[in-house]
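Colleague: I am new to this structure and would like to learn how to read its features one at a time. Could we take each general idea and then its case here?

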Amino acid sequence: MQESTIIYIILSGIIALLLALFQYIYKSKSKSNSHKFLAVLRFVTLFAIMLLLINPKFEQTTYYNEKPTLVIATDNSESVRYLNQSNNTNELIERLKANDSLNENFNLEFYTFGKTLSKTDSLSYSDRQSNMALAFDRLSEIYSNSVAPTLLITDGNQTYGNDYEFSTNKYKQPIYPIILGDTTQFIDLKIQQLNVNKYAYLKNRFPIEAILVYSGEGSVSTTFNITSGNTVVYSQNINFTATSTSKVINLTLPANRAGVSSYKAEIVPIENEKNTVNNIKNFAVEVIDQKTNVAIVSDILHPDIGALKKSIESNEQRQATLVTPEEFVSNAGDYQLAIVYQPNMKFKQAFDEINRLKINKWVIAGTKTSWNALNALQSNYKQTITNQTEDFLPELNLNYTPFIIENVSFDEFPPLRSEYGETEFNLPIQTICYKTVNGIAIGEPLLATFEINETREALLNGEGIWKWRAQSFLEQKSFEPFDNFIGKMVQYLSSKQRRTRLNVEYESFYNGNEDLKINAQYFNKNYEFDTSGNLNITLKDKETNNSRTLPFVLKNNGYQVDLSGIPAGEYSFTVSVTGENVSQSGELKILDYNVEQQFLNADVAKLERLAASTKGNSFFIDNTSSLVKTLTSDTRFATLQKSSKNVVPLIDWKYLLAVIVLSLTAEWFIRKYNGLI
């Protein structure tokens with residue numbers, strides 16, 4: 001409490017006392033006990049009121065002990081079970097839970113990680129991939145401001161995401177790897193990596209790159225084969241020595257048949273080889289006979305154009321070409337979609353050619369757009385011309401139905417800039433994003449699609465979409481979600497197919513370690529998205545003829561079924577709607593590949609480097625006897641005594657108000673009783 005406040009309190013007490021004595025002692029000339037008691041009550045009342053006016057603040061300090069947190073993150077991927085370490089891991093977890101010394105010195109927090117991080121101590125060793133970099137990213141967010149040494153129980157074999165050895169640079173906690181495995185080296189041949197494009201074009205040859213690795217001391221000879229069915233399409237003899245332990249094979253194969261072609265790459269095992277699973281990699285190539293050609297028509301340079309081209313061409317089935325309006329007119333028949341970027345009157349012939357050939361188009365307007373020209377070049381919409389620009393943030397319309405939109409965080413995207421003014425459409429539209437200004441939705445479309453005269457069109461009323469792509473990468477560490485969204489836009493706009501009540505979205509083939517999810521949309525007879533549909537998928541194994549039926553679940557503006565974990569093979573499927581004569585069929589392949597079974601040993605060297613770089617220690621799973629002592633004796637993890645200071649103003653003390661009321665009430669009754677009123 002400040003000195004000035006204390007002085008005010010003392011003065012208040014003196015003033016309150018003088019006023020009370022003046023009224024009941026000096027003025028009344030009586031010294032009876034009742035007058036003295038009334039003086040006391042008046043003093044209490046006045047002094048309490050003055051204290052409320054001064055409102056002094058009182059500090060309350062409490063002390064408490066804070067133990068550090070011991071984070072125990074356990075690998076829940078299939079590789080732990082494949083290396084026969086699941087029982088050892090379970091036993092270690094139970095010992096840690098029951099250890100009195102650890103519980104006395106730490107708050108124990110248990111996590112498991114595979115492709116994602118979960119706060120649990122339940123282990124199934126069923127995750128098909130392991131992403132330790134993501135685990136450390138999440139833990140760094142949780143324990144950024146606390147002391148939290150981390151036990152990392154893992155074999156160190158990562159199959160997904162960024163390299164965890166470098167991702168831990170921002171993780172400011174000591175890491176203690178518990179290594180699941182040993183340093184025993186076995187003779188082994190494996191296909192370290194197989195690089196092949198997902199798509200190829202009919203009558204062309206597609207490239208393949210195989211990286212083969214040998215672990216051993218002697219010289220060995222083997223053969224590398226690629227087969228399609230029972231036919232060997234490529235074969236090469238390979239020699240390894242103790243000094244020459246890797247080979248890179250580059251080859252091309254012909255794409256003679258449209259559709260999905262499956263292949264098996266194999267390096268023939270040698271004698272006494274323990275792990276032969278990693279000698280084989282299955283892959284597939286979808287041979288297509290035509291690319292989707294997209295023209296980006298513009299007479300200016302802008303970062304949006306580069307972002308669109310990158311996103312479109314992230315799928316090898318599509319090609320984007322930047323052309324001027326004049327160049328487009330001379331080759332308009334080569335394109336299935338025209339993206340018209342910020343048009344003006346120079347685009348008149350381009351618009352005429354688009355209308356003549358009935359080419360689908362996507363118009364993107366911005367600060368360089370001439371709305372006088374655009375209003376005249378087409379009749380589907382019209383914008384009020386204000387010659388003023390504004391920044392518009394997007395707000396996703398969850399009820400958009402022409403195609404499924406997911407994994408795109410529109411609410412986190414930066415604004416797009418375009419001319420301020422109302423856009424009036426002369427036909428029904430489907431809005432993907434609405435405009436918001438300063439957090440207020442104004443109900444106007446920022447991005448919308450529509451269909452007219454057997455053509456499909458879209459309008460994006462804002463420039464700066466390159467910022468959306470950059471923001472998507474910053475948030476999700478990948479351009480893929482945004483590129484997939486642009487890909488779906490292009491796929492929808494470039495298609496001439498009639499609209500159907502049931503749309504199913506799937507790939508022709510999947511790798512065995514991928515998440516296999518099929519999305520669908522179902523519409524009622526008015527082509528409005530129906531959330532009450534009962535969708536099922538019947539999956540039939542072509543080899544065994546066994547079938548299974550699984551339900552879809554409603555997710556955002558679509559339906560989804562998760563088929564992850566079904567055996568590899570070729571399947572036919574039918575998606576149907578209960579009670580409706582609506583269905584769609586297709587075929588897909590699941591390639592036999594388990595990335596978690598590619599390892600013979602723990603990655604001991606990397607885990608030891610990780611421990612050293614974070615000032616921790618590494619332990620093998622069968623030698624953790626000194627682990628508890630190492631943790632409990634480290635002075636960095638001592639229990640800290642902390643204080644908490646709570647400042648409370650007197651005006652918040654409700655009892656003082658009660659004192660004032662009681663003193664005034666008592667004074668009134670005594671005065672009334674004694675005839676002083």
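Colleague: Is Glu507 buried, exposed or partly exposed?

Modeller: Buried means under 20% relative accessible area, exposed means over 50%, and partly exposed lies in between, with a 1.4 Å probe and protein chains only as the setting. At 32% relative accessibility, Glu507 therefore counts as partly exposed. Please keep in mind that this is a predicted model, in which local features need pLDDT of at least 70 and side-chain atom pairs count only at pLDDT 80 or more, while totals for chains, interfaces and linings use all residues. Residues are numbered from 1 along each chain as its sequence is written, and side-chain values use heavy atoms, with hydrogens and water left out.

Colleague: Which side chain does Glu507 meet in a salt bridge?

Modeller: In general, side chains of opposite charge can pair when their charged atoms come close. The term salt bridge is used here for a side-chain nitrogen of Lys or Arg within 4 Å of a carboxyl oxygen of Asp or Glu. Glu507 meets Lys198 in this way, at 3.5 Å from N to O. The pair links distant parts of the chain, 309 residues apart, with Glu507 in the loop between strand E26 (502-505) and strand E27 (509-510), and Lys198 in the loop between strand E7 (188-196) and E8. Strands (E, at least two residues) and helices (H or I, at least four) are DSSP runs, numbered from the N terminus. Lys198 is partly exposed, with a relative accessible area of 33%.

Colleague: How many salt bridges does that rule give, and where do Asp391 and Arg417 lie?

Modeller: The count comes to 23 salt bridges. One of them joins the side chains of Asp391 and Arg417 at 3.0 Å, N to O. Asp391 lies in strand E20 (residues 389-396) and Arg417 in strand E21 (residues 416-419), so this pair ties together parts that are 26 residues apart in sequence. Asp391 is partly exposed at 31% relative accessible area, and Arg417 counts as partly exposed at 32%.

Colleague: In what order do the five strands of the open sheet stand?

Modeller: Strands of a sheet pair through backbone hydrogen bonds, either parallel or antiparallel. Two strands count as paired if DSSP finds at least two bridges between them. Here the order is E8-E14-E13-E10-E11, and the pairing is mixed. Strand E8 (199-201) and strand E11 (231-240) stand at the edges with a single partner strand each, so one side of each is left without a neighbour in the sheet. Within this sheet, strand E13 (residues 259-267) and strand E14 (residues 280-288) pair in the antiparallel sense over eight bridges, and Gly259 stands opposite Val287 in E14.

Colleague: How many residues of helix H13 are buried?

Modeller: Helix H13 (residues 480-494) is mostly covered, as 12 of its 15 residues are buried, among them Phe482, Phe485 and Tyr492. From its first C-alpha to its last, H13 reaches 20 Å, close to the 21 Å expected at 1.5 Å a residue, where the expected span is 1.5 Å times one less than the number of residues.
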